[in-house]
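Trainee: I would like to go through this model with you, one question at a time.
Mentor: Go ahead; here it is.

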Amino acid sequence: MSDENFQAHEIRDKIVIQYKYTLGGHSKFFIELKDNKKILGTKCKKCGKVWIPPRVNCSDCYEETEWTELKQSGEILISTIVWYTTSAFIASVPYAIAFIKMDDADTGMLQGVFSENLVPSKIKKGKRVRAVFNKEREGKMTDFFFVPEEEYENWIKKPEYEGGA
Ligand SMILES: [Zn+2]
């Protein structure tokens, strides 16, 4: 290998991997999302902090949490507009992603924000948003997204979407 004329031969290839993983203690969040269009957080049994995304144990005091259903509205803490993404989301470009503080929660959750008129003045800090659900849900984070509150009624009239529980 010390030959100064050495040149690595490279072959372009594709590997398909079938895999399955468990969501463990977080499973209820995805099951309730898929079956009942509910967004669940977890509430610490000791300090009362409400976590979304849910945590099995409180990250502040390490105590157990219990499930709690959240209102499906909130406000944007910080956001950006997405122009480059993976093949899974390229058809939706441009869209926004935002940390959203849901009304009953104490933490922010990163989630997509769609708008009929995607301009920075509509997707910004303090903007009120509501959750809209796909009619065909798989038990994934992409089963729902947020829209500006004033667009909610228009979004849930579209054939592929519906309002929450
Ligand atoms: Zn706690």
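Trainee: In which loop does K37 lie?
Mentor: This is a predicted model, in which local features need pLDDT of at least 70, side-chain atom pairs count only at pLDDT 80 or more, and totals for chains, interfaces and linings use all residues. Residues are numbered from 1 along each chain as its sequence is written. Helices (H or I, at least four residues) and strands (E, at least two) are DSSP runs, numbered from the N terminus. On that numbering, K37 lies in the loop between α1 and β1.

Trainee: Is K37 buried or exposed?
Mentor: A residue is buried if 20 or more other C-beta atoms lie within 10 Å of its own, exposed if 12 or fewer, and partly exposed in between, with C-beta atoms placed from the backbone. K37 has a positive phi of about 55 degrees although it is not a glycine. Because K37 has 20 C-beta neighbours inside 10 Å, its class is buried.

Trainee: Is Y62 buried or exposed?
Mentor: Y62 lies in the loop between β2 and β3. Its phi is near 65 degrees, a positive value in a residue other than glycine. Y62 has 10 C-beta neighbours inside 10 Å, so it counts as exposed.

Trainee: What is omega for the cis peptide bond that joins V93 and P94?
Mentor: P94 lies in the loop between β4 and β5. The cis bond joining V93 and P94 has an omega of about -5 degrees.

Trainee: What is the order of the elements from the N terminus on?
Mentor: The secondary structure comes to 2 helices and 9 strands. From the N terminus on, they run α-β-β-β-β-β-β-β-β-α-β.

Trainee: What are the edge strands of the open sheet of 3 strands?
Mentor: Strands of a sheet pair through backbone hydrogen bonds, either parallel or antiparallel. Two strands pair if DSSP finds at least two bridges between them. This open sheet has the order β2-β1-β3, with antiparallel pairing. Each edge strand pairs on one side only, and the two are β2 (50-51) and β3 (65-69).

Trainee: Which residue in β3 stands opposite K43?
Mentor: Strand β1 (residues 40-44) is joined to β3 by 5 bridges, and the two run antiparallel. The residue opposite K43 is E66.

Trainee: Which residue in β5 stands opposite T80?
Mentor: Strand β4 (residues 73-82) and β5 run antiparallel, with 8 bridges joining them. Opposite T80 stands I97.

Trainee: Which residue in β6 is the bridge partner of I100?
Mentor: β5 and β6 are joined by a hairpin through 5 residues. They pair in the antiparallel sense over 6 bridges. The bridge partner of I100 is M109.

Trainee: Which residues form the covered face of β5?
Mentor: The uncovered face holds Y95, I97, F99 and K101. The covered face is formed by A96, A98, I100 and M102.

Trainee: How many residues does the largest nonpolar core have?
Mentor: A nonpolar core is a set of buried Ala, Val, Leu, Ile, Met, Phe, Trp, Tyr and Cys residues joined through C-beta atoms within 7 Å. Residues with the most contacts inside the largest one include A98, I100 and V129. The elements that give two or more residues to this core include α1 (27-36), β5 (95-102) and α2 (152-156). The size of the largest core is 23 residues.

Trainee: Which residues does I78 touch, not counting residues up to four places away in sequence?
Mentor: I78 is in strand β4, and it counts as partly exposed because it has 13 C-beta neighbours inside 10 Å. Two residues are in contact if their C-beta atoms, placed from the backbone, lie within 7 Å. On that rule, I78 touches A98, F99 and K125.

Trainee: What radius of gyration does the protein have?
Mentor: The radius of gyration is taken over C-alpha atoms, and the globule rule is 2.2 Å times the number of residues to the power 0.38. A compact globule of 165 residues would come near 15 Å. The protein has 20 Å.
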